[in-house]
Amino acid sequence: MTLSSKTPLHPVIASVTKRIRDRSIVTRSAYLEKCQSMRRKGTQRGQLSCSNLAHGFAGCNDDDKAVIRLEEAANIAIVSAYNDMLSAHKPLEYYPDLIREAVSELGCTAQFAGGTPAMCDGVTQGAEGMELSLFSRDTIAMSTAIALTHNMFDAVLCLGVCDKIVPGLLIGALSFGHLPLIMIPAGPMSTGLSNDEKARIRQLYAEGKVGREALLDAEASAYHGEGTCTFYGTANSNQMLMEAMGLHVPGTAFVPPNGALREQLTRTAAQQVCKITSLTPNYTPLCDVVDERSLVNAIVTLLATGGSTNHSIHWVAIARAAGIIIDWQDFSDLSEATPLLCRIYPNGSADINHFHAAGGTGFVIAELLAAGLLHADVNTVWGKGLHHYTQGPTLAGGSLHWQKSPTVSADRDVLRPANDPFDPHGGMKLLTGQLGRSIIKVSAVKPEHRYVKAPAIIFDTQEALKEAFDSGALERDFIAVVRFQGPKANGMPELHKMTPYLGILQERGFKVALVTDGRMSGASGKIPAAIHLYPEAIAGGPIAKIQNGDILVLDTDKAILEILISADELTRRQPARYQPVAASDNYGRDLFAGLRANVSTAEEGAATFF
């Protein structure tokens, strides 16, 4: 499809954007006034007392001290999620030195303002630590804001990649929205064992056909080096959306770690943020980049690529941090208008490196712009207009150059144009009915599995479902109802531990589905799963009233999730009671009790501070 600046905006994109803008007038105005108030104060360190300022640069070398105290050149905050346990964040180890060197070439300075936690859902999956995962986003947001509270900085570079980390960094930075921000990723690890083969070994292990050593060998072959996991989960969805929102150096998302191109992109990000501070004519504060248009662009791109369902929570929270109110109906309406352009695991067999080679982010953004599905005239860290993100970086003679991304997909099994998509609709739907509102990722579910009518089997834990599978009690059609997994109950952990067992039963010919007030996230696969169900069980939601044997209907075509009993009968039933984890077995859960008590609903972003 040929990109045209005159392509009219799709009417659904226009109407949803207007709806968001109209409902957010009061909150957005208040947010922008807060940012303007901070901007009017001028360079923040210029307002510090001499003692405060001296503390702020005491650890710098003499040259940097001289620059910082003059206040005539930018001082850049580095906020990093680096740790060397996690493959995605290990490459960030040396970025601060690169950044300091790069900004010094422009006569600017950079200080490591603060570090944030970076936990990995891959490590905590199915374990107690997963119950702290979602709340780690708000902890990251608060630690980012704490780093910036020192008022020493003219702009921010946020270093992070994975699930809750990028949303947390962005939410925290939005509280200082008068400052420019550029996000810096690390890139994906090289392709290892294929995702399909990894899934096959997992299912064989679940059936007892291979042992732990074979399973560990397979996992270690899939996750084998530095960089982000290569499937299209939440981490890689984050990077796609940062491109669509204009918060990256263009084409940065999926360049591999540790090479010369990645190093130069990091240096360029550092220098670019110096060029867009309030000390320059090109001042581009974060509050002017993150608006209702860029948020709609992010959601459309998420839907077009079959990205993570986690972002139906995270992007709601990000929007609220910018004074903008979006909800699941917005996601659903945008999904109906958005074609599915990608097949990346778990929506296909390709990984993120195959996607990058087929045309990557630049191809997707160009196609969506040409189809009128993205707002073109937006602010970005690279200049006015999203067209900047239809190009990709190359390295020649040690310097970066940008060229237009391919106009033809290099692999139509992975990436297609908007006029010949894999599906005319996006990868996510809102289901409604007597049980409440839930999200389902349909892009990975085959059409023949998108309707399930079957009796409910109730579980309060993932372990209980595994035990039922092992005993042979699940050799039939059923819908697994896994409740008390919402944010107020236990922090809303991801529930992938059940996926191999449900997948085996589906392959044996049974009609199976999942209904839960918990999460499944970007790795949601072939099992139809109504997730994030609201109201959650602990809040008296109808999911707590479902009984074994109740007939449930999950129908993605009609966008419904129903229980086949009368509304009066459902009202009369008493909800099941929550049995919290024993205090002696808390794994840090007690530290987050206050967050669980105050957390908002999943549809409101599962946030603890709005």
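Is Ser133 buried or exposed? In this predicted model, Ser133 has 0% relative accessibility, so the residue counts as buried. The cut-off for that class is under 20% relative accessible area.

Ser133 belongs to helix α7, which covers residues 133–148. What does Ser133 touch, leaving aside residues up to four places away in sequence? The contacts are Met119, Asp121, Lys164 and Arg519. Ser133 and Gly259 stand 126 residues apart along the chain, and 31 Å separates their C-alpha atoms.

Now turn to the surface. Here Met142, Ile146 and Phe609 make up a nonpolar patch. Together the three residues have about 270 Å² of accessible area. Phe609 sits in the segment that follows α23 (593–598). Its relative accessible area is 31%, so Phe609 is partly exposed. Patch members need over 30% relative accessible area, and Phe609 has 31%.

Next come the charged pairs. Side chains of opposite charge can pair when their charged atoms come close. How many salt bridges does a search of the whole structure find? The count is 34.

Start with helix α9 (residues 195–206), where Arg200 and Glu197 lie three residues apart. That spacing puts about one helical turn between Arg200 and Glu197. Their side chains meet in a salt bridge, with an N to O distance of 2.7 Å. Arg200 is partly exposed at 43% relative accessible area. Glu197 is partly exposed too, at 26%.

Helix α19 (residues 462–470) holds another pair, Lys466 and Asp470. Why are Lys466 and Asp470 separated by about one helical turn? Because they are four residues apart in the helix. The side chains of Lys466 and Asp470 form a salt bridge, 2.7 Å from N to O. Lys466 has 32% relative accessibility and counts as partly exposed. Asp470, at 46%, also counts as partly exposed.

Asp420 and Arg412 form a further salt bridge. The closest N and O atoms of Asp420 and Arg412 are 2.2 Å apart. Asp420 is partly exposed, with a relative accessible area of 32%. Arg412 is likewise partly exposed, with 39% relative accessibility.

Salt bridges also join into a network. Which residues are linked in it? They are Arg19, Arg23, Asp327, Asp330 and Asp333.

Conventions:
Residues are numbered from 1 along each chain as its sequence is written. This is a predicted model: local features need pLDDT of at least 70, side-chain atom pairs count only at pLDDT 80 or more; totals for chains, interfaces and linings use all residues. Side-chain values use heavy atoms; hydrogens and water are left out. Patches are made of residues with over 30% relative accessible area and no salt bridge: like charges are joined within 9 Å, nonpolar side chains (Val, Leu, Ile, Met, Phe, Trp, Tyr) within 5 Å. Accessible areas come from the Shrake-Rupley method with a 1.4 Å probe; for residues, only the protein chains shown count as cover. A salt bridge is a side-chain nitrogen of Lys or Arg within 4 Å of a carboxyl oxygen of Asp or Glu. Helices (H or I, at least four residues) and strands (E, at least two) are DSSP runs, numbered from the N terminus. Buried means under 20% relative accessible area, exposed over 50%, partly exposed in between (1.4 Å probe, protein chains only). Contact means heavy atoms within 4.5 Å.
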